[in-house]
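Work through the exercises below with the structure in view, trying each task before reading its solution.

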Amino acid sequence: MVEPELHRVTLPNGLRVVLAPDSAAGQRAGRAPVVGVSVHYDVGFRSEPEGRTGFAHLFEHLMFQGSESLEKLAHFRHVQGSGGTFNGSTHQDYTDYHQVLPSEALERGLFLEADRMRAPKITEENLRNQVDVVKEEIRLNVLNRPYGGFPWILLPPVLYSTFPNAHNGYGDFTDLEQATVDDCAAFFDTFYAPGNAVLTVAGDLDVDRTVELVHRHFGDVPAREVPVRPSFAEPAPATELRGAHSDPHAPLPAVALGYRLPDPVGELDAYLANVVLAAILSDGDASRLQQRLVFRDQLVVDVHAGAGLMGAPLDARDPDTFTFTAIHTPDVGVERVIGAIDEVLDDLAAHGPAAEELSRVTARWSASLYREHDRVISRTLDLGSAELLHGRAELISELPARIGEISADDVAAAAKAMRADARAVLEIQPTGGAA
């Protein structure tokens with residue numbers, strides 16, 4: 001992967017802009033003439049006020065429902081008519097909107113993002129329609145699916161005690177149904193100001209022309225006061241916390257363990273040691289948990305370990321969560337599964353990984369990142385989230401080297417920190433009779 005040279009601009013209205021043009025070497029290597037455009041807003045699940053669960057996700061949907069300049073579905077038509085793709089996603093600490101377009105359609109993409117940043121069409125009709133869409137999504141992905149919301153919705157209320165960290169980010173039906181147009185307008189005015197966003201453009205672009213286009217389309221978006229982001233920190237557990245959830249669709253019992261991670265911004269290297277630990281534990285058939293729990297002892301039918309509540313590392317600020325999930329048969333019992341995981345952790349804490357094992361997982365992790373960043377949309381999104389969360393989009397280029405510097409002692413220390421007296425345990429209990 002040829003690393004892009006980054007260029008930054010900050011507009012008078014506060015919008016931060018990161019440009020990552022393909023280098024001449026990258027263009028010679030045959031990269032497609034396409035650009036990625038993303039806007040990351042500093043608002044996610046944790047920013048939702050009480051009584052407004054699911055609002056960040058609801059707003060992601062509303063932002064595709066037209067604007068004062070464009071009718072409903074026009075955004076879809078303009079992007080797809082240019083041969084592009086688009087989407088959005090909601091996370092703990094941010095919401096992103098992104099599209100990939102042919103290079104010659106760059107101005108169209110910038111216009112579309114600026115247009116809805118300026119004035120999305122928030123009407124009673126659009127609100128009621130999108131509330132129904134979100135409710136149907138929850139039914140499909142959580143309520144009517146085996147292990148729905150496991151563990152990212154169900155584990156936080158066990159591990160965390162404050163509303164921002166513990167509540168259901170997908171949303172409560174009652175909260176969604178009671179949302180008003182005025183509520184949405186207030187949410188937009190508070191969090192969707194240009195000074196609360198990062199615009200990222202990557203790929204086949206000319207920097208000077210792109211800067212000119214950014215000023216042309218975003219420069220007149222009115223500046224608004226940016227809210228001071230509160231700290232969502234809370235004390236780590238001082239004992240083991242237990243919870244249970246009945247799942248009528250689950251065919252087998254399951255268990256999730258949750259541990260607090262080091263601050264991904266302030267303690268990055270300690271956090272990255274946990275990323276490596278997760279790979280050693282469950283990345284591939286040679287990993288420790290697969291070898292012990294699946295192949296040797298046959299305690300589980302599936303097991304996974306990961307740094308990051310939403311399934312990806314470096315996707316949130318502090319606090320973040322290291323998770324284990326395992327699906328097992330009823331005859332095994334949850335305590336045997338937990339005991340086996342603890343034994344694997346204890347062995348790593350005492351001896352660390354072998355040199356060959358550590359080298360294999362760090363090389364595999366770095367290769368995966370390089371491969372992912374060959375895709376312009378992945379590169380664009382990771383640059384934008386790194387700029388928003390860490391203040392340094394350059395971080396994504398530094399990660400392979402920093403991961404390569406993680407030592408066996410660092411991994412051992414990460415494993416040692418996962419104590420039974422400072423974790424959450426969530427059991428999934430099948431109630432549909434399938435088991």
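**Exercise 1.** Which residues does His217 touch, not counting residues up to four places away in sequence?

*Solution.* The model is predicted, so local features need pLDDT of at least 70 and side-chain atom pairs count only at pLDDT 80 or more, while totals for chains, interfaces and linings use all residues. Residues are numbered from 1 along each chain as its sequence is written, and side-chain values use heavy atoms, with hydrogens and water left out. Begin by finding His217 in helix H10, residues 207-218 (helices are DSSP runs of H or I with at least four residues, strands are runs of E with at least two, numbered from the N terminus). With contact meaning heavy atoms within 4.5 Å, His217 touches Glu107, Leu110, Phe111, Ala114 and Arg118, once residues up to four places away in sequence are set aside. Next, look at the side chain of Glu107, with which the His217 side chain makes a polar contact of 2.9 Å (a pair of N or O atoms within 3.5 Å; within protein, one must be able to donate a hydrogen and the other to accept it, and residues adjacent in sequence count only if both atoms are side-chain atoms).

**Exercise 2.** Is His217 buried or exposed?

*Solution.* His217 has 13% relative accessibility and therefore counts as buried (buried means under 20% relative accessible area, exposed over 50%, partly exposed in between, with a 1.4 Å probe and protein chains only).

**Exercise 3.** Where is Tyr147, and what is its phi?

*Solution.* Tyr147 lies in the loop between H5 and H6, and its phi is near 60°, a positive value in a residue other than glycine.
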